[in-house]
Amino acid sequence: MLVGVSPALASGGGHPEAAPWSVIPFATLLIMIATGPLFYEKFWHHNYPKVAVGLAGAVVLYYIFGLHNTHAPIHAFFEYFQFIALLSGLYIASGGIMINVDKKGTPLVNTLLLAFGAVIANIIGTTGASMLLVRPFMRLNQERIQPYHIVFFIFIVSNVGGALTPIGDPPLFLGFLKGVPFEWTLVHSLPMWAFTITLLCIVFFFADKRFINKRNLLFDEEEGKKEYTNKITITGSKNFAWLAVLVGAVFLDPSKIGWLPGILQTHDGFSIGFLADLEHHKGATLFSFIREVIMLTVAYLSFKLADQKAIQGNEFNFEPIREVAFIFIGIFGTMMPALELVANFAKSPEGAALINHNSLYWATGALSGILDNAPTYLNFLTAAMASKGADIGVVSDVIDFTNGIVQGAPNHESVLELTAISVAAVFFGAMTYIGNGPNFMVKSIAEQSGVEMPSFFGYILRFSLPILLSILIIVWLVFFAFAV
């Protein structure tokens, strides 16, 4: 989640463009993430931190010494720092809350829980909702848990659910920081959100019902003897207060709050600065750090002061967040050339000619599945605005763009374009395990609980392409393909 970075600085303005070959480390990392657990599991398990950091380091050194560009690596570092601070806080604080649902895990109950998760994802984020509900969801189905349960959880709770508010998913938070009104996504994305969540829940319900009928579990003698109280119990409820602090900290943005200090980067170096300083330093950048300190402090205190019954009951450990931390060091570090090349092409005359709400839906979606969806959102919004002569670094331009006004003239296409970018970045984040931060954590938690999750390619071939992509094509046909 980048704070206050101008497009020029973010893309290394004034420096040579990255060479096409510089995407090789990123491609290598993606290939190893996909093949490592499948073909060389022992090596990958013990060495993925070294691989991720090593490949990221190679690209960072190329930018600093080869391109003499320090802006892009600094941008990537602060973006990663903010990303991992929020995810760590939500993961650890949620890990201290144990929810037990003493109810039979029927298809209807499962579907209702997923739908509930989709709603609260907009209040505590997809990461918070995922960490809060994935363990109760598995316990609810502990006698018959299957990989498809977790996959649909990733689809609905960890991704699509958070499409209505800036808190819901990091890409939308980036837009909020740039000037997109808080309620804008709720107003414009609600029809797509409701439509997609409904379709996913219907598909899950019938898949779950088919599995139960196939196994004849509804008539299992032992299952029939088990009695349920139908009660929901919560252990460690004080951690909800920590979650509230995390959500509140999201809004501590030095580029919007004049008295809040940030790290000011100018051509002369770094110093503690404020919003007013940006007016006196052309091209300066103001990075957030108070918010992240609060989030990491919450992570520490919420664990130290957590109810130990909840920690033990959740079988809480740090491996899932450790895996995410190292994998995304690699992703944020190596994807800089890929994002730069895509953004520069989109802003070129040839690229600008291709920009419309339909191309933005598919381009943002495709890259959100294999890159982190937050910087993908920002780059395509930058390109979309630039193609119309607007500047994402000017708040009034962003607000006009959201209202269908470009350079003082009505432009309905801008609203469609921003809607397409917003929806695609969030929805397509579920296409792979690396499209959105919570995906990897949910996968890791499920595997630690004994669920045999599909491989990287298995997830895509068995679930993403036939189910999720089919639904996203329908979403495009209904809401975007024929919109004018």
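Modeller: From the chain to S94

The protein chain holds 21 helices and seven strands (DSSP runs, H or I of at least four residues for helices, E of at least two for strands, numbered from the N terminus). Its radius of gyration, taken over C-alpha atoms, is 22 Å, close to the 23 Å of the globule rule for 484 residues, so the chain is as compact as a globular protein of that length. That rule is 2.2 Å times the number of residues to the power 0.38. Along the principal axes, the C-alpha trace spans about 75 × 50 × 45 Å.

This is a predicted model: local features need pLDDT of at least 70, side-chain atom pairs need 80 or more, and totals for chains, interfaces and linings use all residues. Residues are numbered from 1 along each chain as its sequence is written, and side-chain values use heavy atoms, without hydrogens or water.

Of the 484 residues, 57% count as buried (under 20% relative accessible area, 1.4 Å probe, protein chains only). Contacts are heavy atoms within 4.5 Å. Among those between residues at least 6 apart in sequence, 79% join residues at least 24 apart.

Now the serine. S94 sits in helix α4, residues 71-95. S94 counts as buried because its relative accessibility is 0%. A polar atom of the S94 side chain lies 2.7 Å from the backbone oxygen of L90. Leaving out residues up to four places away in sequence, S94 touches G128, M131, L132, L243 and N314.

Technical notes
Buried < 20%, exposed > 50% of the residue type's maximum accessible area, 1.4 Å probe, protein only. Polar contact = N/O pair within 3.5 Å; in protein donor to acceptor, adjacent residues only side chain to side chain.
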